[in-house]
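Have the structure open while you read.

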Amino acid sequence: MVDRTVLAHQLFTVLSRHHLACLAEELAGPWQAGVEGRRHEARGGARRRAAGAGARQQLVFVDRLVATLIHLPHSVLALLFDVDRSTITRAVGEIRGLLAERGCTVPDRPGLRLRTLTDVFAHAQAEGVELRLDATEIQVRRPVAGRGGRRAFVSGKKKQNTMKATVIADSQGRTLWTDALRPGRMHDATAARNEGIAVCFQHFPDVKVLLDDGYLGLRRDHPGQAITPPRKPNKIALPQVHAAREEARHNHSSKRITVEHALAYHKRWKQLTRWTHRRAALPATYRAIAGLVSDRTANT
């Protein structure tokens, strides 16, 4: 048996005991359904023996959840749980996907979660929420030489191989949504458009989104909804015009800074400072972390 003292000490620095219990209760059903579905497919039909017959789970569901949240190197976790490393890797992959599909918590609306960009815009229009949108980049491993699409991950801003996440937060810095991540070479505005933000602006005309100067194209296409800082006036403009512009930019930055705080909450998780695993696993990991962060900040 594994001594859970060390695991609990590390885990409870991020999650409370109550939060862990709620997560286990919420995810146990989908996990069991997924297990039974895979078994049904492997058998090619219904169960032939009574429930409980056959091999026992080496790693029970709660232990799988704890292992995923701590996310120590799989070989270390395998030693702690006294199982093979591949068992830990398989368990992390299962639970990570479930956490990613949970979406983000709706502030002051227990039981409701935002999973798509349309959900966020619908919530913002119904509750009169002014949104903040920004993107962040996570450094990833460089693709193998000679592989197609290798340049797509090279960020023009960071001069590194990265993947880009687009995040929406509210005025309190609470995470409401994050996308499926894009290669780092893609422009911020293009990533937002690919997620369908133009359609959301059309269907929810009362929603306003605060953006930075990287989204000037969205402001041009959706005036009054996509709000960016005012542009620099002509050099021959009066001094009071320049002063008014600086004050407007400062006010805009003061309102938009909350999305930067949301991104900072995400980057507190060590996995997102520099991703050293397979790039294909990063999107689910980021969305899982965003959902957990939203749980913590929903009622603040």
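Leu 181 sits in the loop between strand 5 and strand 6; helices (H or I, at least four residues) and strands (E, at least two) are DSSP runs, numbered from the N terminus. Its phi is positive, near 70 degrees, and Leu 181 is not a glycine. Most residues other than glycine have a negative phi. Leu 181 counts as buried, at 7% relative accessibility; buried means under 20% relative accessible area, exposed over 50%, and partly exposed in between (1.4 Å probe, protein chains only).

A word on the source: this is a predicted model, in which local features need pLDDT of at least 70 and side-chain atom pairs count only at pLDDT 80 or more, while totals for chains, interfaces and linings use all residues. Residues are numbered from 1 along each chain as its sequence is written, and side-chain values use heavy atoms, with hydrogens and water left out.

Asp 108 is another non-glycine residue with a positive phi, of about 65 degrees. Asp 108 belongs to the loop between strand 1 (104–105) and strand 2 (113–114), and is exposed, with a relative accessible area of 51%.

Stepping back for a moment, the protein chain has 11 helices and 8 strands. Of its 300 residues, 44% count as buried. Take the contacts (heavy atoms within 4.5 Å) between residues at least 6 apart in sequence: 63% of them join residues at least 24 apart.

Now for strand 4 (residues 162–169). How many of its residues are buried? The count is 8 of the 8, so strand 4 is largely enclosed by the rest of the structure. In a regular strand the side chains alternate between the two faces of the sheet. Here Thr 162, Lys 164, Thr 166 and Ile 168 point one way, Met 163, Ala 165, Val 167 and Ala 169 point the other way, and all are buried.

The table lists the partners.

Strand 4 and strand 5 form a hairpin with 5 residues between them, and Gly 173 in the turn has a positive phi of about 80 degrees.

The loop between strand 3 and strand 4 holds Arg 142, which counts as exposed at 59% relative accessibility. Leaving aside neighbours within four places in sequence, Arg 142 is in contact with Arg 150, Asn 161 and Arg 279. Arg 142 and Gln 160 are 18 residues apart along the chain, and their C-alpha atoms are separated by 8.5 Å.

On to the helices. Two packed helices are described by the angle between their axes and the distance between the axes. Axes are lines fitted to C-alpha atoms, for helices over the stretch in contact, and angles run from 0 to 180 degrees between N-to-C directions.

Helix 5 (residues 85–101) packs on helix 11 (residues 282–297) at about 55 degrees, with the axes 7 Å apart. That makes helix 5 oblique to helix 11: angles under 35 degrees count as roughly parallel, over 145 as roughly antiparallel, 65 to 115 as roughly perpendicular and the rest as oblique. Helix 5 contributes Arg 96, Leu 99, Ala 100 and Glu 101 to the contact, and helix 11 contributes Ala 284, Thr 285, Arg 287, Ala 288 and Leu 292.

Helix 10 (239–267) and helix 11 have axes that come within 9 Å and cross at roughly 115 degrees, so the two are roughly perpendicular to each other. Leu 263, Tyr 265 and His 266 of helix 10 meet Tyr 286, Ile 289, Ala 290, Val 293 and Thr 297 of helix 11.

Between helix 10 and helix 11, the loop includes Trp 269, which is buried with a relative accessible area of 14%. Trp 269 and Tyr 286 are 17 residues apart in sequence and 9.7 Å apart in space, C-alpha to C-alpha.

Notes: Two strands pair if DSSP finds at least two bridges between them.
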